[in-house]
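User: I'm new to this one, and I'd like someone to walk me through a few of its parts. Could you take a look with me?

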Amino acid sequence: MAGSGTDHLRDPAAHDDVVLRVEHLVQEFPAGRSGGRRQVVHAVSDVSLDVRRGETLGIVGESGCGKSTTARALVQLPPPTSGRVVLDPGAATEVEMVALSGSALRAVRPRMQMIFQDPISSLNPRRSVRDIVGEGLAIWSKASDGLHQQARVDEVLEAVGIDPEVAATRRPHQFSGGQCQRISIARAVVMDPEILICDEPVSALDVSVQAQILNLLEDMKERYGLTLVFISHDLSVVRNVSDRVAVMYLGKLCEVGDADALYERPAHPYTRVLLASAPEPAPTVDPSDADIGDEIPSPIDPPSGCRFRTRCPRATDRCASEEPVMRQVGDDHFVACHFPSI
Amino acid sequence: MSTASAAGPLLSVQDLGVTFGTADGPVRAVDGVSFDLTEGRTLGIVGESGSGKSVTAKALMNLLPSYAEVEGSITFGGRDLRALAAARERHFWGVELTMVFQDPMTSLNPVKRIGEQIAECLRVHLGRSRKVATAEALDLLERVGIPEPRKRLRQYPHELSGGLRQRVVIAMALACGPRLLIADEPTTALDVTVQKHILDLLDDLRRERAMSMILITHDLGVVKGRADDVMVMYGGRTMESAETPTLFGRMHHPYTRALLETIPRIDAPAHTRLVPIPGRPPSPAEVGRSCPFAARCRHRIDDCLDGVPPLVPVPVGAAGAEGAEDASHHSACIVSVGSDGRGDS
Amino acid sequence: MADMPAPGERTPDQRDSHLHVQDLGSEVSVRGSYEALLGGQVFDDSKGSRLGVFFWLAVGWMGLVVVAAVTAPWLPLADPDQTGFGGRLDAPSGDAWFGTDGNGRDVFSRTVWGARISLVVGFVAIAMGMVFGGALGIIAGYFRGVVDRLISFVMFAMLAFPGLVLALLFIATLGSSLTIVSVTLGLLAIAPVGRLARAATLLYAEREFVQASRLLGASHGRIIVRELLPNVLIPMSGLALLGMALTVVAEGGLAFLGLSVSDGFSWGKLIVTGAAPRTLREGPWVAMFPIGAMFLTVLALNYAGDRLRWFMDVRELAFER
């Protein structure tokens, strides 16, 4: 794997509806010194992705694989170490976010919104829910559009299933976790974003509440024409919401493809491990596929070549010396592995 | 349970109730929970936050804080646990009855070496010498599948990954040869690829040592292949209990059914519409005198709000059919829901 | 200005499932640990007046002192500077409730008037600490990096510098007017308040709501004012009361060194006057009543501040879980 390459990106000439294109994204954090040498966490290493309008891209992987770091790099929180994040490539509204800073960046920020994992930490405990949801409009408002804003906030609150009357006076801690997540969704949707990034939006919720939020996201996507980037460690959830899925491991992409193709014909050994490890393993893999070592290498000193090779049952010398590059194995199905199952 | 040996169950819980005294008045976290666990079997307790599953486990482990009021009886191997607790019997919990928590760091001392920590259990409870204890600790680490166990003995908890830490905690829980191991969400904090290994390990160990196990989880899927019996809890009460195949084959309670239907399936095509359960789990402060699930239930009838439905045996065969009852299958629902999921009341 | 990677970036995916976490350890309060135990949320906002009777007694006393100090000129009091209001060192009586001092001045009237200076010094000093310390602390905690290191260094230096020496230096060179004394004590309050504000800001800047606000396009200024300030003010307000108590005492200390306000008199100065050996022997009330007033006020401030902080902590817990 976990490999690099851009073969899986769609040709902008053939697809004019790509709304987000990420090229060679790298995110590194300083990790102190060891033996007098400056150490670096290679959180995301050369990841390229694209998303078409109205599509949901699922990014799945274990903790430390860099999926959340990728999400945050997309919205420039913080900006990536290198790489390009292009909104509306090829269109008149094209904008490359990494190059922007200051007020230019602030001005494009509303086009990409995000929902976080922790519903309670996502909302300011000292403000009323209506204030929270209306904040984005208030930031960009002119004095004249007060009433209009009010109506917009109420409409979106209504759409996510929160009573606007109640929202006017209550603070976040008076709502349950699921309701707080609805409020977060409303805050993002009010800005009419092109892309909504959901970072583990249901992981902190009770099982019986998850489906409500997942269904709500689908409804909001329909109603407001959103494009979703959905990040989760839960393969079942990702399958349910995604049109296209990207599997990440230790800062690299393993496999990208149409959701059904990827789940039905997993080509990368790591994808197979994930599918076989689920509490109820996917029927398309052998349960014994899950039998690999537990130790994930440190992102400070990732393995050479393919980063998955230290745990991979199929690894050979070639995997250590040569990093696999994304290549096509199916219609819309790409894998970065020297020995994929096809 | 149906396979109870002549000697009776290892653990028998009767009418367990736990009430917390809080600033806002008493809160009933567990209400009228009863179950038996036979030697060598695994009981899965499934529930969401606030279902009372963890409080039940803590009541068994004598870990509840002083402001918790416990009622009912807990008998373990013929001994009354609550009497033992009152007598401050030290060598019982941690020896015959041990627990593995969700977060391994709650059970590990961050400033002590792994080896010392395991050896300490053995020395304190079983009076082993330092040398013997260390040798046994090494064996235990090896048994729970920790690579390079000799090196790990001298390491501190923070030097290990989450999965390895949980293995160390399991080794500690096994050290004194418990007859019952309670695992409270042992894999929730771990990565997907590690979860399965830990669950498999627990299962192997249980079989090998003829222990009993209580596996507490929020995920019905975890329980499916691993528990012999399942008890589904909600709002502090037992909703349904049965042998695992029976439960998954002939689910009776609307909550169990809803819980299974609401989870996205890994083998269903993308964008399959999920069946949500409206509302949210009840906070323990709200538990009243009706079926706790009534407010969210599709099949609710007026009678559901009138008193707490008792846990009664479920008739075998078609819903509502007269005659045989499955002695191991109980459900606390007065509405009888057909296998097609529709109520016929 | 560059879009700083300042507040709260969380490094690689920490999948913290803390809504499920059930820890046994934290027995912060019955309520807190109970919720931790259940791992659920208790939805309740009905904790109106749990501050207790003593809190309100303390607030009542502070209110009384403040009202008396503010309205002193209009109260039917003897002129505090009028010598020969009574005899020399008259014991407390119906005419002079707190007795009279060595010059026959009314101690009651002087205690009330003395509150004016003591409270002004206390208030101005802590207000200065709150404004400057708070601003510096929030800026340091929000932007972090170089800004933080610079501000933190200055604060450490201020904390390391002996307060008394600083006060001596300022007052000896600049004179001991009310302004100078207040500002000097205010300078000393900046670093402790700043440290607290910084710590609280670091905590909140990590929260996702701050990131969400940045994503909406909010400027740094707006985030500081709308998102951080309301949260950071709460721990600060507790400290403000404690700080005021400290300042009132510190002013008393300065008075003993002859460094307190030269124009007018404070509780500190009254105590010094009453503490002369002969006065103390023949008319202990001259010192005792201002001491009593200071003691009660400081006690009330401390108690109320502490209680308020506890109350806020508990509220914090209520939605934390």
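Analyst: One term first: two residues are in contact if their C-beta atoms, placed from the backbone, lie within 7 Å. Please also keep in mind that this is a predicted model.

User: Okay, which residues of α6(C) meet α8(C)?

Analyst: On the α6(C) side they are V181(C), L185(C), A189(C), V193(C), L196(C), A197(C), A200(C), T201(C), Y204(C) and A205(C), and the residues they meet in α8(C) include L228(C), P235(C), G243(C) and L254(C).

User: And at what angle do the axes of those two helices cross?

Analyst: The axes of α6 (residues 178–205) and α8 (residues 220–256) of chain C cross at roughly 155° and come within 9 Å. Angles over 145 degrees count as roughly antiparallel, so α6(C) is roughly antiparallel to α8(C), and their crossing is right-handed.

User: What about α3 and α6 in chain A, parallel or antiparallel?

Analyst: The axes of α3(A), residues 129–140, and α6(A), residues 177–189, cross at roughly 30° and come within 7 Å, which makes α3(A) roughly parallel to α6(A). This crossing is right-handed, and the residues that meet there include V129(A) and I132(A) from α3(A) and I183(A) and A186(A) from α6(A).

User: Switching topic, how many residues of α4(C) are buried?

Analyst: Among its 16 residues the count of buried ones is 1, so α4(C) is hardly covered. For its length, at 1.5 Å a residue, α4(C) (residues 145–160) should span 22 Å, and its end C-alpha atoms are 22 Å apart, which agrees.

User: Last one: where are the domains of chain B?

Analyst: The domain assignment gives domain 1 as 97–175 and domain 2 as 251–331, and the C-alpha centres of these two domains of chain B lie 41 Å apart.

Terms used: Residues numbered from 1 in each chain as written. Chains lettered and ligands numbered in written order. Predicted model: local features only at pLDDT ≥ 70, side-chain atom pairs only at ≥ 80, totals over all residues. Helix = DSSP H or I, 4+ residues; strand = E, 2+ residues; numbered from the N terminus. Expected span 1.5 Å × (residues − 1). Buried ≥ 20, exposed ≤ 12 C-beta atoms within 10 Å, placed from the backbone. Domains from an automatic or database assignment. Axes fitted to C-alpha atoms, helices over the stretch in contact; angles between N-to-C directions. Parallel < 35°, antiparallel > 145°, perpendicular 65-115°, else oblique. Left-handed = near helix turned anticlockwise from the far one by under 90°.
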